[in-house]
Amino acid sequence: MMAVLRAAWLVAQKDLVVESRSRELAYTTVFLAVACVLVFAFALVREGRAPDDAPAGILWVAVAFSGTLALGRAFERERQAETLRALLLAPVERSAVYLGKLLALLVLMAGVEAILVPVVGLLFGAPVSRAPVLLLALLASGTVGFAAVGTLFAAMLVRARSRDVLLPVVLYPVAVPVIIAGVRGTAAIFAAEPDVAGAATWLALLILFDAVFVTLALWTFAPVMSE
Amino acid sequence: MDLVETDDVSRHFGRRRALARVSLGFRAGEVTALVGPNGAGKSTLLAVLSTLLRPSSGQVRYDGRAAVAWGDDLRRHIGLLGHDLFLYADLTARENLEFFGRLYGLGGDGRLRDRVARALAEARLEDRADDRAGEFSRGLRQRLALERALLHEPRLVLLDEPFTGLDDDSVGLLAARLDGLRRSGSIVVMATHDFESADGLVDRVVAVRNGRTRELPPGAGSLRVRYQAVLREAWA
């Protein structure tokens with residue numbers, strides 16, 4: 001187990017070093033997420049007020065769109081010099097490669113969300129600091145669920161010709177329960193009369209999704225990548 | 001690891017047959033060249049030997065044991081130089097070697113540092129060690145990629161078109177490296193189109209065509225002439 005975690009950390013560390021040099025993913029994902037929120041703000045906010053529950057939905061739409069962009073590019077890098085094959089040849093359980101890619105992606109998405117949440121608060125007047133720990137937990141667990149299944153699909157599609165088109169097509173139907181739970185949990189916090197117990201229920205559901213998705217992905221990654 | 005055998009190995013991609021009932025043995029201290037036209041199945045055979053691809057039928061045995069019986073540890077004994085080099089363009093030469101070295105468990109007690117320094121010296125890249133691999137010419141990247149594949153001292157060395165982009169001096173370096181691997185008892189299998197560079201460096205030659213293999217008998221004449229004779233006689 002320690003060997004898997006060690007190898008996963010090495011892969012994640014390598015991805016973060018590569019990203020820190022190119023900053024390609026950071027700039028593009030932040031730009032997409034902020035642009036998405038900005039467009040919705042112009043469309044929906046009237047006299048400083050947005051429709052009920054809209055900020056929660058828009059926050060999660062921006063997370064899903066920017067996450068999808070990051071997922072595709074993260075594996076495109078491994079495809080360019082076929083470095084994914086070199087990772088799969090390492091004498092460690094192949095699930096370590098999956099975990100490493102997932103970890104690096106989570107760090108990147110956390111960075112995007114750190115910018116996104118205050119922007120949503122500012123443009124939609126959403127009370128983002130009302131229950132910060134619960135909101136953080138919802139975002140963290142939702143992001144893990146989305147990225148867990150997305151990392152697996154992005155790896156599976158790395159050799160597909162239409163991978164950029166196929167990724168959202170296969171990812172969103174599976175990830176939609178995570179996004180719905182994230183939206184409902186966040187909306188419960190942002191509501192005029194906050195429902196903390198309701199948000200906690202959605203959080204529990206997200207944690208359950210995370211456990212299922214991460215377990216299934218770890219289980220299927222090695223056989224899928226062997227072909 | 002002293003012997004790698006393919007036993008009736010076939011590999012299909014959908015309806016396309018890439019390998020057809022290949023049975024070969026590769027022994028320690030022997031350099032084997034796989035020669036043949038594009039799409040003949042050479043790279044597929046290397047991918048199957050490296051465990052990256054599973055055979056559709058048949059099996060590969062490493063010292064008499066199937067890959068499944070070895071588990072993940074089998075890959076510690078395998079080094080693959082791919083046609084696409086497997087290098088991160090945004091990492092320096094040293095960082096590429098250190099990353100893969102750590103992944104192969106070579107870290108600790110300065111062991112990795114020594115190995116990396118030796119690999120950079122073998123590739124004659126000491127003065128470019130801290131330059132990004134993406135800034136290198138194809139030949140320099142090829143030399144770095146070879147050292148990356150050999151960093152963990154594998155027993156089974158698989159080289160896909162190792163002469164690509166190399167100048168005469170670099171071909172000489174590669175020849176010396178192959179000789180060193182032979183003397184250390186490694187099993188070397190390389191796929192190549194470059195008959196002239198491979199001539200005299202290899203102990204055995206296996207022609208591959210349409211997924212089928214045929215070993216070239218030892219004889220007089222250049223590698224190209226012997227290969228063409230097999231093409232005429234065996235696959236006419």
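The model is predicted, so local features need pLDDT of at least 70 and side-chain atom pairs count only at pLDDT 80 or more, while totals for chains, interfaces and linings use all residues. Residues are numbered from 1 along each chain as its sequence is written, with chains lettered from A and ligands numbered from 1 in the order in which they are written.

Take chain B to begin with. Its open sheet has four strands, in the order β2-β1-β4-β5, with antiparallel pairing. Here helices (H or I, at least four residues) and strands (E, at least two) are DSSP runs numbered from the N terminus, and two strands pair if DSSP finds at least two bridges between them. At the edges stand β2 (16–27) and β5 (65–66) of chain B, each with a single partner strand, so one side of each has no neighbour in the sheet. Helix α1 (residues 42–49) of chain B packs on this sheet and touches β1, β2 and β4 (57–62) of chain B; contact is counted when C-beta atoms, placed from the backbone, lie within 7 Å. The direction of α1 makes about 60° with that of β2(B), where axes are lines fitted to C-alpha atoms (for helices, over the stretch in contact) and angles run from 0 to 180 degrees between N-to-C directions. Strand β1 (residues 3–13) of chain B joins β2(B) through eight antiparallel bridges, and B:F13 has B:R16 of β2(B) as its bridge partner.

Most residues other than glycine have a negative phi. B:R21, not a glycine, has a positive phi of about 45°, and this residue sits in strand β2 of chain B. B:D63, in the loop between β4 and β5 of chain B, has a positive phi too, near 50°. B:R21 is partly exposed, with 15 other C-beta atoms within 10 Å; B:D63 is also partly exposed, with 15 such atoms within 10 Å. (Buried takes 20 or more, exposed 12 or fewer, and partly exposed lies in between, with C-beta atoms placed from the backbone.)

Over in chain A, the axes of helix α3 (residues 54–80) and helix α7 (residues 163–190) come within 9 Å and cross at roughly 150°. That makes α3(A) roughly antiparallel to α7(A) (under 35 degrees counts as roughly parallel, over 145 as roughly antiparallel, 65 to 115 as roughly perpendicular and the rest as oblique). Among the contact residues, A:W60 and A:L71 belong to α3(A), and A:L167 and A:F190 to α7(A).

Technical notes:
Contact = placed C-beta atoms within 7 Å.
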